[in-house]
Amino acid sequence: TDVKPSRLAAAQEAARSFIADQPGTTRIGIVTFAGAAALVQPPTHSRDDLLAAIDRFQLQRGTAVGSGIVISLATLLPEAGIDAEKHINGTSSRWRFPNEDPPKKLAPGSNASVAIVLLTDGVTNTGPDPLKMAQLAADHGVRVYTVGIGTPEGATLSMKGMSMRVRLEEGVL
């Protein structure tokens, strides 16, 4: 009740507005996150595909902001070798050369060809630390823009027999 008509509808409208404001030459992808993060629309020029992905958003338990950032980074920068599994789970099934050099850090915000726009309505309660994942993005020169949907006081959401307390974590955003 703290966001009208609902937090989910407000997030969907914010995402639609963002897409509508971008030039047609801009590729946009969509990663959703709740208790886990998933790529639901790889980067594309197709506004219809993006809008269809937004229409499929569903309310779920959990807020894994850090997971959303690292999945976005791995999608945006496949050549960077970002091991999302290691950042999210602490272990990796990826094989690496023993003497492989760590990637060189870039100046924060210096990668002008990619950015992450993060929409969230909650406090991180699962997954990796969002500030550490934001630092990982900065180390790759990627800017993270945040959009908070909700209020710091929060509200209790009820849907399909679920009830959960949510509030916006402005300090972390």
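**Figure 1. The surface and overall build of the protein.** The protein exposes about 10100 Å², and carbon and sulfur atoms supply 53% of that area. The model shown here is a predicted one, and its secondary structure comes to five helices and six strands. Followed along the sequence, these elements come in the pattern α-β-β-α-α-α-β-α-β-β-β. The radius of gyration is 17 Å, close to the 16 Å that the globule rule gives for 173 residues, so the protein is as compact as a globular protein of that length. Along its principal axes, the C-alpha trace spans about 55 × 35 × 25 Å.

**Figure 2. Burial, contacts and charge across the chain.** Of the 173 residues in the protein, 34% are buried. When contacts between residues at least 6 apart in sequence are considered, 68% of them join residues that are at least 24 apart. The protein carries 17 positive and 17 negative side chains, and the centres of these two sets lie 2 Å apart.

Figure 3. At the N-terminal end, α5 is capped by Asp129, which places a side-chain oxygen 2.7 Å from the backbone nitrogen of Leu131. After the helix comes Gly141, a residue whose phi is positive, near 80°.

Figure 4. Thr124 lies in the loop between the strand β3 (115-120) and the helix α5. When neighbours within four places in sequence are left aside, Thr124 is in contact with Thr63, Val65, Pro130 and Glu169. Thr124 and Gly35 are 89 residues apart along the chain, and their C-alpha atoms are separated by 9.3 Å.

**Figure 5. Val114 in the loop between α4 and β3.** Val114 is found in the loop that runs between the helix α4 and the strand β3. A residue is called buried when its relative accessible area is under 20%, and Val114, at 15% relative accessibility, therefore counts as buried. If residues up to four places away in sequence are not counted, Val114 touches Leu76, Leu77, Val142 and Arg143. Val114 and Ala34 are 80 residues apart along the chain, and the separation between their C-alpha atoms is 23 Å.

Figure 6. The peptide bond that runs from Lys4 to Pro5 is cis, and its omega is near -5°. Pro5 belongs to the segment before α1, the helix made up of residues 7-21.

**Figure 7. Glu13 in helix α1.** Glu13 lies in the helix α1. The term partly exposed covers the range between the buried limit of 20% and the exposed limit of 50%, and Glu13, at 42% relative accessibility, therefore counts as partly exposed. Glu13 and Ile54 are 41 residues apart along the chain, and their C-alpha atoms are separated by 8.9 Å.

Terms used
Residues numbered from 1 in each chain as written. Predicted model: local features only at pLDDT ≥ 70, side-chain atom pairs only at ≥ 80, totals over all residues. Heavy atoms only, no water. Helix = DSSP H or I, 4+ residues; strand = E, 2+ residues; numbered from the N terminus. Rg over C-alpha atoms; globule rule 2.2 N^0.38 Å. Buried < 20%, exposed > 50% of the residue type's maximum accessible area, 1.4 Å probe, protein only. Contact = heavy atoms within 4.5 Å. Areas by Shrake-Rupley, 256 points an atom, 1.4 Å probe, with all protein chains shown as cover. Lys, Arg positive; Asp, Glu negative; His and termini not counted. Charge placed at Lys NZ, Arg CZ, Asp CG, Glu CD. Polar contact = N/O pair within 3.5 Å; in protein donor to acceptor, adjacent residues only side chain to side chain.
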